Amino acid sequence: MDATLETPLTDFPGVGEARAKKLEKLGLSTAADLLAWYPRDYEDRRKVYTVAEAPLEERVCVAAMAAEHPRLSRIRKGLELVQVKVVDHTGALHLTFFNQSYIERAIRAGEEYIFYGAVEVQGRRRSMVNPIFERTDRQSFTGCIMPVYRLTAGISNHMLGSLVRQALPCAKGLPETLPQYIRQAHSLAAAEFSLKNIHFPEDEKALDLARRRLAFEELFYLAVGLHFLKSRRGREGEGFPIPPRPREEFLSLLPFAPTGAQSRVMDEVAADMASGRPMNRLVQGDVGSGKTAVAAYAGWLCAGGGFQAALMAPTEVLAEQHYRSLSALLAPAGVRVGLLTGSMTAAGKKKIRSALEFGEIDFVVGTHALISEGVAFRRLALIVADEQHRFGVRQRERLAEKGAYPHILVMSATPIPRTLAIILYGDLHLSAIRELPVGRLPIKNCVVGTAFRKKAYEFIAKEVHGGNQAYVICPMVDAGEEGTQELENVTDYGQRLRSCLPEDIHVEILHGKMKPADKKRVMDAFAAGDVHVLVATTVIEVGINVPAATVMMIENAERFGLAQLHQLRGRIGRGNQQSYCIFINGSGKESSMERLQVLNKSNDGFSIAEEDLKLRGPGDLFGFRQSGAMEFRIADIYQDSDMLKKISVTVDRLLAKDKELSQAGHAMLKRYLEENAGNFIDFRTI
């Protein structure tokens with residue numbers, strides 16, 4: 001098949017309509033999509049062991065001959081076993097395959113195969129369950145460094161790897177968008193080489209070169225986009241001067257006294273808004289530090305000057321939460337707060353849109369619905385973007401376009417080292433809130449192995465019977481994805497936990513694949529105290545504020561980035577009760593335990609971010625790539641921080657000499673940027 005980058009996956013052998021729909025769930029519909037679907041991890045399958053030499057309980061390749069014809073047994077409805085003994089000159093290995101009846105025909109007695117799986121000892125017998133295998137004379141997925149992809153139900157890693165292999169010829173002659181002198185100055189590999197070796201690397205060095213080139217490219221386009229954004233900011237006209245008001249009037253609305261850090265940031269915001277120039281300020285505050293009070297203050301100032309404000313949140317749950325808290329806080333001061341989300345009825349949306357257009361709402365809270373067609377403001381003077389890493393630059397800009405140079409306040413709970421923040425958010429002034437509200441007790445943490453689970457369940461039951469609530473976080477929604485069977489999943493865990501806890505404890509599950517109405521029902525029930533234990537994925541990372549939740553238990557904590565674990569932990573400790581976070585190291589590895597101890601020692605997100613950066617160093621070729629909340633395809637702002645600094649300097653010099661990219665050597669770069677104008681800026685996460 002002569003495939004091109006535009007070739008639809010339905011043209012590939014084995015991809016019918018049903019399989020194509022499953023691939024579309026991953027955003028894969030063309031050969032180009034496949035090649036841009038970078039592996040999340042790698043398995044080194046190059047070394048082949050004998051049966052006797054194979055290390056136990058780790059996935060390895062074993063070469064052996066089938067000593068007999070496979071035996072198929074039907075144990076009960078829905079459960080079939082295929083068993084076969086394979087041998088070499090050092091001993092025998094007993095294989096068991098569950099619900100894979102085709103194995104009976106696929107393995108032939110007397111032929112030699114490579115089997116990839118974990119070797120276990122049962123009595124005197126060595127065994128392997130559900131290994132991947134292929135004939136020794138037809139090796140394709142053994143004897144190599146094998147990519148491990150993010151998958152979805154019905155799409156195996158073997159299948160996705162096979163499709164990528166078929167798509168790789170499309171990378172031949174791939175045009176270079178990076179100028180030649182930049183590639184040479186930074187010793188970057190060619191685009192074609194990089195695409196081939198990021199998927200099926202020849203060796204560790206080739207993988208390192210490929211990853212470095214692709215990460216550089218992604219961050220380079222980000223830096224170019226930031227440069228253009230800053231230039232555009234410099235050309236903006238006058239903003240709305242918002243007159244100052246006596247701070248005491250606002251403080252009288254608060255049910256608490258602000259911290260010194262909150263007061264300082266409020267002063268900075270008030271000065272920005274009164275200056276006559278559009279405010280562009282990023283407020284970095286650790287989880288629970290009180291950023292929302294600063295946003296409320298800015299909205300209160302805005303409404304007092306006769307203008308409108310809009311707060312954009314990444315989820316409906318978070319938008320509704322902000323709406324409730326801002327209404328309760330600001331309504332006594334006469335500030336009219338409204339809510340606009342995608343799930344509202346057509347009539348409800350029409351009513352809010354009309355009120356915004358006629359100036360009958362002072363402060364609107366919403367999701368992406370705020371930037372939809374038909375939403376118009378009478379005098380929009382302030383935009384607040386909450387949990388900024390969930391929005392692309394363009395989304396923020398689209399909301400800004402609904403006003404004439406409005407003030408912009410960006411809030412982030414994602415701790416980023418200051419040097420990186422200056423590069424990433426160079427168009428914004430930086431404020432940091434590093435104090436927690438008075439009366440908040442530091443969270444008590446512990447890092448333990450899976451053997452601690454029983455005690456953890458007993459502790460959760462004790463807390464619930466004391467009137468509190470708990471979260472249990474799992475990395476997976478459901479079981480079945482190849483290479484992730486050892487990870488805990490929400491669906492099975494929820495059922496198991498119900499049988500482990502007393503009957504009077506109500507357990508519910510929550511994950512991103514649920515219908516919005518079902519998610520809302522579960523979260524509302526948890527917020528109301530009707531659900532005692534919530535088993536969830538990271539969908540709860542933002543958007544749930546339940547002061548009665550005092551326990552969080554995170555399964556497979558080693559599979560998350562430290563910044564994300566800290567963000568998750570921020571869902572507890574929001575009341576005046578002592579809270580506890582239990583990190584379960586499911587891998588059993590000492591290195592994972594050491595990394596997680598960082599969270600055990602500190603509740604300060606900023607110091608955790610710095611420590612995370614030190615721990616990663618140059619990166620582990622065969623380790624999980626985790627960037628917390630920063631979602632790049634392959635780059636990592638922590639791991640690639642030095643690269644990002646160099647790129648920032650390179651881009652500044654490039655555009656200082658050729659700001660229109662009109663020189664011949666920049667033609668391909670300019671063409672790429674024009675064709676991907678909506679995407680290359682959105683790589684970044686403002």
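This is a predicted model: local features need pLDDT of at least 70, side-chain atom pairs count only at pLDDT 80 or more; totals for chains, interfaces and linings use all residues.
Biologist: In what order do the strands of the open sheet come?

Modeller: The order is β18-β23-β22-β19-β21-β20, which makes an open sheet of 6 strands with parallel pairing. The edge strands are β18 and β20, the latter covering residues 507–510, and each of them pairs on one side only.

Biologist: How much are neighbouring strands turned against each other?

Modeller: On average they are turned by 20°, with direction ignored.

Biologist: Which helices pack on this sheet?

Modeller: Among them is α15, residues 453–465, which touches β18, β19, β21, β22 and β23, and its direction makes about 165° with that of β22. Helix α16, residues 490–500, packs there too, touching β19, β20, β21 and β22, and its direction makes about 175° with that of β20.

Biologist: Now β23, is it mostly covered or mostly open?

Modeller: Strand β23, residues 580–585, is mostly covered, since 5 of its 6 residues are buried.

Biologist: Which helix goes with β22 and β23 in a β-α-β unit?

Modeller: That is α18, residues 562–569, and the unit is right-handed.

Biologist: Why call α18 largely enclosed?

Modeller: Because 8 of the 8 residues of α18 are buried, the helix is largely enclosed by the rest of the structure; these buried residues include Q564, H566 and R569.

Note on methods
Residues are numbered from 1 along each chain as its sequence is written. Side-chain values use heavy atoms; hydrogens and water are left out. Buried means under 20% relative accessible area, exposed over 50%, partly exposed in between (1.4 Å probe, protein chains only). Helices (H or I, at least four residues) and strands (E, at least two) are DSSP runs, numbered from the N terminus. A crossover is right-handed if, with the strands pointing away from the viewer, the path from the first strand over the helix to the second runs clockwise. Two strands pair if DSSP finds at least two bridges between them. Axes are lines fitted to C-alpha atoms, for helices over the stretch in contact, and angles run from 0 to 180 degrees between N-to-C directions. Contact means heavy atoms within 4.5 Å.
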